[in-house]
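Thanks for coming, everyone. Let me put the structure up, and then I'll walk through it.

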Amino acid sequence: MKTQLSRRAFLTTLAGGTLLAATGCSNVIDRLAQPDLPKELWLPSGANRHPIAHLLNRATYGPRPGQMEKVQQLGREKWIEQQLDYKDIDDDALDWRLRRYDTLKWQAQDLMSLSGSDDFGGGDKDLVAYELAQMTLVRAVFSERQLYEVMVGFWTDHFSIYQFKNDVLYFKTVDDREVIRPHALGKFRDLLKASAHSPAMLHYLDNTENEKSHPNENYAREIMELHTLGVHGGYTEQDIQEVARCLTGWGKNDDGEFEYHSSWHDDGEKIVLGHVIPAGGGKEDGDKVLEILVNHPSTPKFICTKLVRRFIADDPPQNIIDACVSIWQSTDGDIRAVLRALLTHPDFDSAPPKLKRPFELMASLLRATNANYDGNRNLIDLLDRMGHRPFAWATPDGYPDKAVGWANNMLPRINLALDLMNEELSGVKIDIWDIAERMDAERNAEKLLHHFGRLVLARDLTINESAALWNFATGGSGKKPNLNDDKGRDQMLQTLGLLLASPAFQWR
Amino acid sequence: MSENRIPLLSRRQWLQAATALSAIGATRVLWPAWLPRLAFANEGVKGDTLVCIFLRGGADALNMIVPFGDDNYYKARPLLAIGQPDSSDGVKALALDDFFGLNPDMQPIHELLINGHMTVIHAAGTPNVSRSHFEAMDLMERGTNGAEAGIGSGWLGRHLMATSAEGDSPLRAIGWSDKLPTSLRGYVSANALRSIADFHLHGDTRQTDQMAATLSAMYQEGGAPLNLSADATFQALELVKQIDVDKYRPANGARYDDSDLGRGLKQTAALIKAGAGLEVACVDHGNYDTHVAQGRSDGLLSGLLTSLSQNLRAFHDDLLDYMGKITVVVMSEFGRRVQENGGGGTDHGHGGAMYIMSPYVAKTPVIAQWPGLNSDFLDNGDLQITTDYRDVLSELLTNRTPNTDLSIVFPGHTAKSVGAILKG
């Protein structure tokens, strides 16, 4: 068995090791930061996926080996509470992995100073965009604060900002850090307000162009259609114009910070969704609009529907939406309370399958195999080719969250699993034989197939799956691959690759 | 489950699974070795296959479609101007009408233009004032002039989304490049392929067929819609496996060259003939950014134009029997400055030209509301744009595809008729 430093030993090493602080030791950090696996992995059996695996598939970016037993021991409710109190979860190992991305902590002003890109859009612009996307994937794969990361992803889609529109990418790094992340599990009111003051959002949706003499209604429309009330949420074209008037002058300064330009503001009286906003309110007109939108009954309905779609089903069941709305109303839009209600709802366990989107598929593959990913750009490029690079959805509605939007691009999904098992994803390392040993299956090919199936699918393989896979493993001959020789071992790696490429692993 | 009770497929079942997948291969006797055929559910109902060629860098439309009837052209370009068709100049334009002529390096498409298989829309482009390559290409590929906010997807991506349906081929949209072209963004099933061979199953190459059979067996029980799309994918894989581009023999003596453009068009032709369900293919050509040493028959532009027109002609001849269901459009982010510069080249300009190949083009070699090259009529020294490129593309989609909602493809744009492409 390989020796691996325990988490405690790892942290001690980091604390004492100034060597590691030097650059160029990323691979050492990656190795030390890799999660420990238990000596014996728990392998759920039975015809149906274990309910804890179901929970982890929905509330995280996919179960890691060893994670199910931890949740089982702790108890589902306690685990959910722990995840909701995300700040108390130790994530030091992740933080070390993130240290390689310089631009994540920069202010907009510093990020903009990188704009010396050439005419064709190369140069440092790429660095900013890539680092944010790389960080997002690294967090999805390695953060212990999984529910938080899932919710950051949810809000990133909800308040979707296309990174590549003009200078938006310089501000999106700040938006991610100062808008989405601080409020992802907070109160919706605070999140909406932060977003409405975000230079990235105001620039992306053209409110930086919204002035009294030339009103631009883009943000005014989307804040109602996409961020709060929903398209049939009860506003009129007149309301859009009035909201746009209220938001005239909300923009940014040359340093890329929020700034209200009073000379651009339309200071007349407005009527928004039946509320009179008296003349002379200045910047507060916009603040009042946000309050009206937060308190409008369509807002919890619209957002809870999206949450239930994300966590439960493409066609969200009304009873679960209603339960969430009721909690939203009684807690003044407390996102954690709503999530608690959702994840503990009696119908949660019987939720129908949700197709993993490419980002989720990639993260879950890396997690299921305990892969070590060095955080490089190649996987981002791969996601780009699969149509799901973070922050690259062009329109403000966010990436689609229904299977039909993604299902007809199968080949890259299948190849992703095969590449992973063949160690053909650059900067990604896996050790299936270490996992095999912890499943007591390192010597027996059949056992390896079935135990690995139970590990990653949290159920027995179906007859069809095991027949197809075992036929492949044996070349149709029934002759077992010999795990003592390279050929047999490679054949089993290919077989397990096919298992990860199978339809069962495509669903959350 | 006990380990020795794993059910095995019988040898016969196994063979059945494998042959079911390669059934398409059995038709090979009827077709040339490189040419398998496969009918996707939607074949035949989707309109033309669109082939979009983007000339990167800002192609010099004035030296491609030469306004020899405009004196100001000769005044502005003492070194670079292409001679009038009836002049004694060694480098002279091939007449298209009594005002415009074709650069002699583009001779291979002269016949197509004269005989109504191609047309040119001159003084076309994006009304946005940008002379930045990046910005202008970006705007054009996104199908906006910059005023429409938040439009980051491409015009073709939105067109494909608007017309997508169950049963679409996995090879419906291809950009022949490493990265997906911006124009295809927004359609998540678009492929960025360097070659047809890129569309293959990874893993152990010695066992590709067995892997496909194994996956296919599992996906049959994979639940909708994955079972359907996986099925289409495995069929496409089988099809692609049988297309050997090296052995591909273009019809009618057509010859593609070995440029990215030539390879892209050749592979596009192979997929069209194979009935792969291809609806949109994007190919790049260039570098057209001829600031220095642009030349006439001997400079940087000459080689590009030779390659461009030779490959366009090859594509036309190769697909002669298929052209009724194909439309090719060629465009560039902008034209170049009217006045040549001091380095024997031209700088970034504004108005350019678009080229359409289809049997349904108007029987007019050049369509232009010519703004003139007199300095009074120039746009900051550049050819004015009298036709919005979106008008051309709108007409193309309306008349040659089933797309009926162009407000999604070109938001905020009300298309005007150009009269370049007719309904079939």
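**Two chains and their contact**

Start with chain B. Take its contacts between residues at least 6 apart in sequence: 72% join residues at least 24 apart. Contact here means that the C-beta atoms of two residues, placed from the backbone, lie within 7 Å. For chain A, with contacts again between residues at least 6 apart, 70% join residues at least 24 apart.

A word on where this comes from. This is a predicted model: local features need pLDDT of at least 70, side-chain atom pairs count only at pLDDT 80 or more, and totals for chains, interfaces and linings use all residues. Residues are numbered from 1 along each chain as its sequence is written, while chains are lettered from A and ligands numbered from 1 in the order in which they are written.

Secondary structure next. Chain B has 12 helices and 12 strands. Chain A has 26 helices and six strands. These are DSSP runs, numbered from the N terminus: helices are H or I with at least four residues, strands are E with at least two.

Burial. Of chain B's 424 residues, 54% count as buried. For chain A it is 52% of 508. Buried means 20 or more other C-beta atoms within 10 Å of the residue's own; 12 or fewer is exposed, and in between is partly exposed, with C-beta atoms placed from the backbone.

How do the chains meet? The contact takes 45 residues from chain B and 54 residues from chain A. On the chain B side, α1 (11–21), α5 (133–142), α7 (208–219) and α8 (226–242) give two or more residues each. α7(B) gives the most, with seven residues. That side divides into 23 nonpolar, 16 polar and six charged. For the classes, Ala, Val, Leu, Ile, Met, Phe, Trp, Tyr, Cys and Pro are nonpolar, Asp, Glu, Lys and Arg are charged, and the others, Gly among them, are polar.

Now the overall form of chain A. Its C-alpha atoms fill a box of roughly 85 × 50 × 40 Å along the principal axes.

Chain A is divided into domain 1 (38–74 + 354–508) and domain 2 (101–353). The bounds come from an automatic or database domain assignment. Over C-alpha atoms, the two domain centres are 33 Å apart. In the contact, 29 residues of domain 1 meet 32 of domain 2. On the domain 1 side, α4 (51–59), α20 (358–368) and α21 (378–385) of chain A each supply at least two residues. α4(A) gives the most, with four. By class, that side has 17 nonpolar, four polar and eight charged residues.

Next, a helix pair in chain A. α12 (188–196) and α16 (284–295) pack at about 145°, axes 10 Å apart. Axes are lines fitted to C-alpha atoms, for helices over the stretch in contact, and angles run from 0 to 180 degrees between N-to-C directions. Phe188(A), Arg189(A), Leu192(A), Lys193(A) and Ala196(A) of α12(A) meet Gly286(A), Leu290(A) and Val294(A) of α16(A). Those residues divide into five nonpolar, one polar and two charged.

Why is α19(A), residues 335–343, described as largely enclosed by the rest of the structure? Because seven of its nine residues are buried. Among them are Ile335(A), Arg336(A) and Val338(A). The cover includes α4, α6 (76–84), α12, α17 (298–311) and α18 (318–330) of chain A.

Gln506(A) sits in the segment after α26 (486–500) of chain A. It counts as buried, with 26 C-beta neighbours inside 10 Å. Leu355(A) is 151 residues away in sequence, yet 6.0 Å away C-alpha to C-alpha.

Last, some backbone details. Most residues other than glycine have a negative phi, and most peptide bonds are trans. Ala224(B) and Pro225(B) are joined by a cis peptide bond, omega about 0°. Pro225(B) lies in the loop between α7 and α8 of chain B. Glu423(A) has a positive phi, near 50°. With 14 C-beta neighbours inside 10 Å, Glu423(A) is partly exposed. Asn252(B) has phi near 55°, and is exposed, with 11 other C-beta atoms within 10 Å.
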